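Look at the structure first, then read the points below.

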Amino acid sequence: MTIQKKKVDSLKALPAKPLVTMSNALTRAGHGLSLAEKRIVAMAISKLDSRTIPKGAQGVPVTKINAADYAETFDVDKNTAYDQLRSGAKHLYARSITFYEPAFKRDGRSIEPTLVQMRWVGSVKYHMGQGWVELHWWPQLMTHLVGLTKHFTSYQLQQASALRSQYSWKLLELLSRFKSTGVAEYTIEDFGVSMGASPKQMLNFSNVRRRIIEPAIKELCEKDGWVIEWEPVKAGRKVRAVRFKFSRDPQQRLPI
């Protein structure tokens, strides 16, 4: 009895794996982040409690990440961690998030979707001597990160930690949104915005397939244990959407 109780207590004491949780709207949005910036943002999001709204100065939290934790999370050496934190802090303030609000009708006529842009952070601090980054979140972004009870996407930070492409990471988020069904479909326009595809890439779907979809799927299957099938959905000769069918590989013991 005593041995069993100790085992149960030991299991209870295990720390929860950090989760990256954001609204579905933010999941679908174009983020425009480099890999280093994506790592910083995701790690910072994993430190927030998505279920509660923070109190204090206008309910906007400040999140700090140090080089040691960054190096351990993403399996890089300290020098790389310092370099990526410094680079990420330098450029993160200028990055914006792109939303397209859904179109409505007025007088029986469709209205074009509204383009909305906001920042990730109001300010970023990087301490050269100590190697830490401090993010002061953009106030309007908080409704997409905290106080979430429905319409959100969540995945373990550990799932993305081995990825070396922002496209792979973004696809992980887009698929995780539909992990309960294992089927995800996005219009080609939504997919291009979400993945941060360039206007030049979007001119020819073969560029999107060769440079974005296929490499991202390959890395997710090899490094995070996914089984993914995909197909373009066409209207005539034109690709109008992309559809993914996916699951986690039961042969690999990776977090779900």
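A residue counts as buried when its relative accessible area is under 20%. Phe191, at 1% relative accessibility, is therefore buried. The model is predicted.

**Nonpolar core**
- The largest nonpolar core has 66 residues. Tyr70, Trp120, Trp137, Leu145, Phe191 and Phe244 touch the most other members.
- Helix α3 (residues 35-46) gives the largest share of this core, with eight residues.
- Trp137 reaches well beyond its sequence neighbours within four places: its contacts include Val41, Ala44, Ile45, Trp120, Met142 and Leu145.
- In soluble globular proteins, nonpolar side chains tend to be buried together.

**Aromatic pairs**
- The whole structure holds six aromatic pairs.
- In one of them, Phe74 and Trp169 have ring centres 6.2 Å apart and planes at 50°, so the pair is tilted.
- Phe74 lies in helix α4 (residues 67-74) and Trp169 in helix α7, 95 residues apart. Both residues are buried.
- Phe191 and Phe244 have ring centres 5.9 Å apart and planes at 35°, so this pair is also tilted.
- Phe191 sits in helix α8 (residues 188-195), Phe244 in strand β12 (residues 238-248), and 53 residues separate them. Phe244 is buried, at 0% relative accessible area.
- Tyr70, Phe74 and Trp169 make up one aromatic cluster.

**Helix contact**
- The axes of α7 (residues 166-176) and α10 (residues 205-224) come within 8 Å and cross at roughly 75°. That makes α7 roughly perpendicular to α10.
- From α7, Tyr167, Ser168, Leu171 and Leu172 take part; their α10 partners include Arg211, Ile212, Pro215 and Leu220.
- By class, this contact has eight nonpolar, one polar and three charged residues.

Notes: Residues are numbered from 1 along each chain as its sequence is written. This is a predicted model: local features need pLDDT of at least 70, side-chain atom pairs count only at pLDDT 80 or more; totals for chains, interfaces and linings use all residues. Side-chain values use heavy atoms; hydrogens and water are left out. Axes are lines fitted to C-alpha atoms, for helices over the stretch in contact, and angles run from 0 to 180 degrees between N-to-C directions. Helices (H or I, at least four residues) and strands (E, at least two) are DSSP runs, numbered from the N terminus. Angles under 35 degrees count as roughly parallel, over 145 as roughly antiparallel, 65 to 115 as roughly perpendicular and the rest as oblique. Contact means heavy atoms within 4.5 Å. Ala, Val, Leu, Ile, Met, Phe, Trp, Tyr, Cys and Pro count as nonpolar, Asp, Glu, Lys and Arg as charged, and the others, Gly among them, as polar. A nonpolar core is a set of buried Ala, Val, Leu, Ile, Met, Phe, Trp, Tyr and Cys residues joined through side-chain atoms within 4.5 Å. Buried means under 20% relative accessible area, exposed over 50%, partly exposed in between (1.4 Å probe, protein chains only). Rings of Phe, Tyr and Trp (its six-membered ring) pair if their centres lie within 6.5 Å; planes under 30 degrees apart count as stacked, over 60 as edge-to-face and the rest as tilted.
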